[in-house]
Amino acid sequence: MARKPPSWWFDGARVPVSARALSQLYASAVSTRSWLYRKRLRRSVAVEVPVIVVGNLIAGGSGKTPLAIALVERLRAAGYTPGVASRGYGREDEKHARWVEADTDPRVGGDEPVLIAARTGAKVRVDRDRAAAARALVAAGCDVVVCDDGLQHYRLRRDIEIEVIDGRRRYGNGLLIPAGPLRERAARSGSVDFRVVNGGAEGVAEPGFGEWPMRLQTSRVQPMRGGRPLPLATFANSRVHAVAGIGDPERFFSTLRAQGIAVVPHAFPDHHRYSAADLQFGSDLPVLMTEKDAVKCRPFAADRHYSVPITAELPEAFWITLLDRLAP
């Protein structure tokens, strides 16, 4: 289970000296690894089809999975047969690769891969070795591979890199782990093919030069015990328990508040493994949760539990440019 990020990553608090020292060691290791691949002392593995990597430079969520889902859907609409490669962070027995389907237990498949499989119906392969996952997808008939959260997995050669940036938090204090949230130095952003900004200070995309805006939209909720979807507006002017175990729970809570919903927030760590007790809040108010949380809470969902699906929306020019880059 992922832990809550240290307060100093994003709120300007003083960084402990010990964290700065460890950050320097981490930075040295990252630089050395990057240099080995640049000098081809370590070899990247290529596959026979295009590879699109969706990732970010910070630890934690920024909207990668909704973009990966939108990417799969747009590729399929353009005539491709996309497959998704993922590590499947937080799953049991990460040493073993496996295929993930909509009904796969998230404990063994990973919450994000199960969500992608459920939303898209695409072939999804989880493997610590993303290059091996890509080869398996190609062998299964996929003609383009989308790598979810693989920006730092240099062993897999990629044709297109997409960095997803949290428009509200950006790069935090600009320091590397554990002193800050960065997995690589911010300068790495200059080498990616597309920089996508998820929201802004108030949830409104605020892209800078060379950046593409992305908005996460939602308008309905899905009863987790089955039944027809309901308009999200059904809960306007009502109090609800809101559950979010994602990288930035406040983004989900703000989305609900923007719809006039009175939120009782319940933030959990990213990739939290839920139990039925986690959803016992001492009242019978409706419980609204992210899709990523819902796939893990299905076994003990009650009638008052609802999943809130979101859709990533980007300018049409982004998709045209991306597909042009893929064209032979």
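Visitor: How many residues of strand β2 are buried?
Guide: 5 of the 5 residues in β2 (residues 82-86) are buried, so the strand is mostly covered. Buried means under 20% relative accessible area, exposed over 50%, and partly exposed in between, with a 1.4 Å probe and protein chains only. Strands are DSSP E runs of at least two residues, helices are H or I runs of at least four, and both are numbered from the N terminus.

Visitor: What are the ground rules for the model?
Guide: This is a predicted model: local features need pLDDT of at least 70, side-chain atom pairs count only at pLDDT 80 or more, and totals for chains, interfaces and linings use all residues. Residues are numbered from 1 along each chain as its sequence is written, and side-chain values use heavy atoms, with hydrogens and water left out.

Visitor: Back to β2. Which residues sit on each side?
Guide: Pro82, Val84 and Ser86 are on one side, and Gly83 and Ala85 are on the other. Both faces are covered. In a regular strand the side chains alternate between the two faces of the sheet.

Visitor: Which strands does β2 join?
Guide: β5 (residues 144-148) runs parallel to β2, with 5 bridges. β4 (residues 123-126) is also parallel to β2, over 4 bridges. Strands pair if DSSP finds at least two bridges between them.

Visitor: What stands opposite what there?
Guide: Ala85 faces Cys147 in β5. Ser86 stands opposite Val126 in β4.

Visitor: What is the order of the 9 strands in that sheet?
Guide: The order is β3-β4-β2-β5-β1-β6-β7-β8-β15. The sheet is open and its pairing is mixed. Neighbouring strands are turned by 25° against each other on average, direction ignored.

Visitor: And how many bridges join β1 to β5?
Guide: 4 bridges join β1 (residues 51-55) to β5, and the two run parallel. Val51 stands opposite Val145 in β5.

Visitor: Which strands do helices α2 and α5 lie across?
Guide: Helix α2 lies across β1, β2, β5, β6, β7 (194-198), β8 (211-217) and β15, at about 170° to β5. Helix α5 (residues 130-139) lies across β2, β3, β4 and β5, at about 155° to β2. Axes are lines fitted to C-alpha atoms, for helices over the stretch in contact, and angles run from 0 to 180 degrees between N-to-C directions.

Visitor: At what angle do α2 and α8 cross?
Guide: Roughly 65°. The axes of α2 (residues 64-77) and α8 (residues 316-326) come within 12 Å.

Visitor: Which residues meet there?
Guide: From α2, Leu67, Ala70, Leu71, Arg74 and Leu75. From α8, Glu316, Trp319, Leu322, Leu323 and Leu326. Contact means heavy atoms within 4.5 Å.

Visitor: Single residues now. Is Asp166 buried or exposed?
Guide: Asp166 counts as buried, because its relative accessibility is 1%. Asp166 is in strand β6 (residues 160-166).

Visitor: What does the Asp166 side chain make a polar contact with?
Guide: The side chain of Arg251, at 2.8 Å. A polar atom of the Asp166 side chain also lies 2.8 Å from the backbone nitrogen of Arg168. A polar contact is a pair of N or O atoms within 3.5 Å; within protein, one must be able to donate a hydrogen and the other to accept it, and residues adjacent in sequence count only if both atoms are side-chain atoms.

Visitor: And where is His153?
Guide: In the loop between β5 and β6. His153 counts as buried, because its relative accessibility is 13%. Leaving aside neighbours within four places in sequence, its contacts include Arg33, Arg128 and Arg158.
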